[in-house]
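Hi,

Here is the structure I promised to pass on to you.

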Amino acid sequence: MMTVTVLGISGSPHRHGNTETLLDSFLDGARSAGATVEKVVLKDLDYSACRGCNACHKDGECIVKDDALPLFEKMMAADCVAVASPIYSMGITAQLKGFIDRGQFLWARRFVTKTLEFSPEHLARHKGIFISTAGQNRDNVFDGAYPSLTALFHDAGFEYYDNIVANNMDEHKGIKNHPAALADAFAKGQKIVAVIEKLNGQ
Amino acid sequence: MTIKVLAFAGSPRRHGNSETLLDWVLASMAGDTDVAIEKVPLTEANITICRGCNACEKLNKCIQRDGMDIYHDKIIDADIILLSSPIYCMGIAAPAKALIDRMQVFRSRKYVLKLPVIPPERRGKRLGVFLASAGQDWPHVFDAAIPSVKCFYHVIDIKDADISYLMINHVDEKGAIEIHPTAKADATALGKNLLAELKRRLAA
């Protein structure tokens, strides 16, 4: 029986804050359901912003050799990826946006060199989940984040499966005081493993 | 009096489409002897990312010492503040987002510490401009960038009605904007209109 692999990517520059805690809860849930879990913290990696040089439009390869590229490989080897970022200024952090922008070479493979294509079955079996918290209580506070996550998941071969988001952190005084967010994330972590196992015929 | 124009070029690619758009707007203002223009390519500005430490909520300043030490004061002094960025992956480019995230010190000053960001007499006498280019031809390609752009301006006391936008889609390769049918004329008109509007407000 193949073990389900779940990769967590934490895009917060602030260690062990609300968003990373929510991600941890999701990953704990997945682990408790039998998945192999790994967490990567972008703050610990060394990668630069996409230069917009479009070199990848020629051969699908990024010419900037740093920690971003192995992380894309690791991500694409996982069954499920949970990408986490707090909302700063109504969007994802510059740190996570910096990583997502570096995925341009995958977009180039799909649409320019046409050397990368994901079947509907592949997309269905690979789940992308966005995890976020925001200080503000506005309902639309996450809206500006979703399109860039859509781009990341689709270019890396993941179905954009779910959002695990909690707003109003300022009023709750942190995720630990939120009435349901951590338990919900844990349950969703458990559930995603069962969903993927079922899709894989186990 | 001198009108101070501060322009951030947010693309990691120098002299590409979004920066060209910015250059056209600046060129249309440059002939005016009352105008002093400073253009800042973010690739050279040494602005690191916000660490989310929230120290500015108590200290009223950022604990990081970098390019923002200079641009913090220039942002307060400027009369017209422009930001240009390409759209990457349906959002503003990471270097431009890094600048916006570092505006947290102004947000803390305004909303947490409830201190003035600019002198009261300058309220309504500052204008913001967002310029963007996108390779995609989708009309909604700019939508996700706009809420962050609004944050950038709101925290420095430039309200929605005082933000202008010029966003050109379907330009990807370097130089593509040069052959766009309306971009240059629109950018030129925008620059002239901004100056006229600001002069009207300063005289009022």
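In chain A, 49% of the 202 residues count as buried, where buried means that 20 or more other C-beta atoms, placed from the backbone, lie within 10 Å of the residue's own. For chain B the share is 47% of 204 residues.

Before you go further, keep in mind that this is a predicted model: local features need pLDDT of at least 70, side-chain atom pairs count only at pLDDT 80 or more, and totals for chains, interfaces and linings use all residues. As for labels, residues are numbered from 1 along each chain as its sequence is written, while chains are lettered from A and ligands numbered from 1 in the order in which they are written.

Now for how chain A is built. It has 9 helices and 5 strands; these are DSSP runs numbered from the N terminus, with helices being H or I of at least four residues and strands E of at least two. From the N terminus on, the order is β-α-β-α-α-β-α-α-α-β-α-β-α-α. The radius of gyration of chain A is 17 Å, close to the 17 Å from the globule rule for 202 residues, so chain A is as compact as a globular protein of that length. (That radius is taken over C-alpha atoms, and the rule is 2.2 Å times the number of residues to the power 0.38.)

Chain B comes to 7 helices and 6 strands, and its pattern along the sequence reads β-α-β-α-α-β-β-α-α-β-α-β-α. Its radius of gyration is 16 Å, close to the 17 Å that the globule rule gives for 204 residues, so chain B is as compact as a globular protein of that length. Its C-alpha atoms fill a box of roughly 50 × 40 × 30 Å along the principal axes.

What about contacts (two residues whose C-beta atoms, placed from the backbone, lie within 7 Å)? Among those in chain B between residues at least 6 apart in sequence, 81% join residues at least 24 apart.

And where do the chains meet? There, 28 residues of chain A are in contact with 27 residues of chain B. On chain A's side, α4 (94–101) and α7 (146–156) each supply at least two residues, and α4(A) gives the most, with 6 residues. That side of chain A divides into 12 nonpolar, 13 polar and 3 charged residues. Here Ala, Val, Leu, Ile, Met, Phe, Trp, Tyr, Cys and Pro count as nonpolar, Asp, Glu, Lys and Arg as charged, and the others, Gly among them, as polar.

Cheers

Definitions and conventions
A residue is buried if 20 or more other C-beta atoms lie within 10 Å of its own, exposed if 12 or fewer, and partly exposed in between; C-beta atoms are placed from the backbone.
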